[in-house]
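The stops below go from a sheet to a metal site and then to a pair of helices.

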Amino acid sequence: MADVLSEEISLAGNLLAKRVQDLVVQGEEPPKPYLCREDNDSISALAPIPTIDVGLLTEASSVANSDELQDLKSALCKWGCFQVVGHGMPSSLLDGMRKVTREFFEQPMEEKRRYAKGVNEYEGYGADPVPEEGQPLDWQDRLALTVYPEDNRNLRFWPENPSSFREVVDEYSSKLKAMTKLLSKAMAKCLDLEENSFINQFGEKEEFVMRFNYYSPCQMSDRVMGLKAHSDGTSYSLILQDQVQGLQILMDGTWLTVPADPEAILVLIGDQMEIMTNGTFKSPVHRVVSNSDKDRISIAMFYSPETGKEIHPEDGLISEENKPILYKPVKNYGEVYWVYYNKGQRSIHTAQV
Ligand code: OGA
Ligand code: NI
């Protein structure tokens with residue numbers, strides 16, 4: 001039995017060593033572990049996800065119940081996500097990010113393999129760590145990089161080609177990091193908490209990991225999944241999309257498509273923020289479907305508390321009468337998150353009281 005299992009795992013490991021882009025270039029059909037879909041719901045309605053102007057949020061800082069803050073609160077309680085506009089990042093920077101990502105993935109495999117990750121590691125070029133037996137593989141290739149704390153950057157994984165890659169990623173990351181400060185304050189204020197409540201919980205050495213996702217087209221797009229259903233284990237995630245739809249969010253049992261707005265940054269609440277808000281903000285389940293004729297790029301920034309820092313539900317969001325405490329304090333949530341993720345399961349229940 002153990003042998004069969006290790007054989008299956010090494011089979012999946014071998015399969016993962018061959019990237020999705022290889023399969024597409026060689027005209028191969030998706031191998032069995034990629035064939036995971038039978039549902040026929042790839043055509044789904046657009047999700048009316050709220051759009052929030054971060055400039056207005058900042059101006060609203062002195063007015064606790066301004067319209068913008070109330071819109072933010074209702075977006076995060078209902079959807080667990082919103083599209084940020086008014087972020088001040090020029091289109092040239094957002095286009096630059098998509099351009100270097102595309103150029104990286106369009107290079108020959110030998111070049112990309114210079115940044116290859118081990119099958120059971122997270123950082124670098126490749127796919128997710130080998131999932132457990134029977135779990136499907138994603139029709140996707142990716143590059144993951146730790147960007148902050150800056151001391152933790154592992155430059156051996158940072159592509160040298162295209163030549164502007166590092167510079168563009170550095171500029172975008174620092175702007176995005178600055179924006180999280182404004183967003184985290186607004187998230188606290190819209191819940192009537194002291195504005196630094198979440199920032200203090202995240203700690204000084206908060207962690208930002210960037211993941212560049214390349215979704216190849218697939219002739220059998222109704223049978224494969226670009227990225228399997230999951231919630232994020234982060235505090236929250238910031239996603240830059242291109243103009244191709246594919247990301248879907250589960251709302252009351254129905255998959256809805258997130259509009260693809262190349263100028264907006266999608267903010268998606270992760271499990272750790274659901275814990276810190278004592279369940280007030282929702283960490284939504286989402287997935288990426290694949291497309292039969294277009295490729296798709298997305299760049300996700302995963303924002304998480306400092307390693308080793310304990311996080312907990314905010315006192316102001318707990319009351320004996322109507323809001324009992326739902327979650328225990330947790331630390332290094334990412335570790336338990338990945339154990340469950342590899343089994344295709346959520347992990348937030350492990351934090352419930
Ligand atoms: C993720 C994710 C969405 C996308 O990387 O966790 O949900 O659009 N990505 O690629
Ligand atoms: Ni996600």
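This is a predicted model: local features need pLDDT of at least 70, side-chain atom pairs count only at pLDDT 80 or more; totals for chains, interfaces and linings use all residues.

**Stop 1**

Start by selecting the open sheet of 4 strands, whose order is 6-11-8-9 with antiparallel pairing. Strand 6 and strand 9 (254–257) are its edge strands, each pairing on one side only. From one strand to the next, the twist averages 30°.

Next, select strand 8 (residues 247–251) together with strand 9: the two pair in the antiparallel sense over 4 bridges.

**Stop 2: the nickel ion**

Select the nickel ion (ligand 2). Which protein donors does the nickel ion have? They are His230 (NE2), Asp232 (OD) and His286 (NE2), lying 2.1 Å from the ion. The sequence spacing of these donor residues is H-x1-D-x53-H. Aspartate 232 is in the loop between strand 6 (225–230) and strand 7 (236–241), while histidine 286 is in strand 11 (residues 286–289), so this pair ties together parts that are 54 residues apart in sequence.

Aspartate 232 counts as buried, at 3% relative accessibility. Histidine 286 is buried too, with a relative accessible area of 4%.

**Stop 3: two helices**

Finally, select helix 4 (residues 67–78) and helix 7 (residues 165–189), which pack at an angle of about 90° with their axes 9 Å apart. Helix 4 is therefore roughly perpendicular to helix 7. Show the side chains at the contact: Leu69, Leu72 and Leu76 from helix 4, and Ala186, Met187 and Lys189 from helix 7. By class, this contact has 5 nonpolar, no polar and 1 charged residues.

How values were computed
Residues are numbered from 1 along each chain as its sequence is written. Chains are lettered from A and ligands numbered from 1 in the order in which they are written. Side-chain values use heavy atoms; hydrogens and water are left out. Axes are lines fitted to C-alpha atoms, for helices over the stretch in contact, and angles run from 0 to 180 degrees between N-to-C directions. Angles under 35 degrees count as roughly parallel, over 145 as roughly antiparallel, 65 to 115 as roughly perpendicular and the rest as oblique. Contact means heavy atoms within 4.5 Å. Ala, Val, Leu, Ile, Met, Phe, Trp, Tyr, Cys and Pro count as nonpolar, Asp, Glu, Lys and Arg as charged, and the others, Gly among them, as polar. Donors are N, O and S atoms within 2.8 Å of the metal (3.2 Å for Na, K and Ca); water is not among the atoms, so sites may look incomplete. Buried means under 20% relative accessible area, exposed over 50%, partly exposed in between (1.4 Å probe, protein chains only). Two strands pair if DSSP finds at least two bridges between them.
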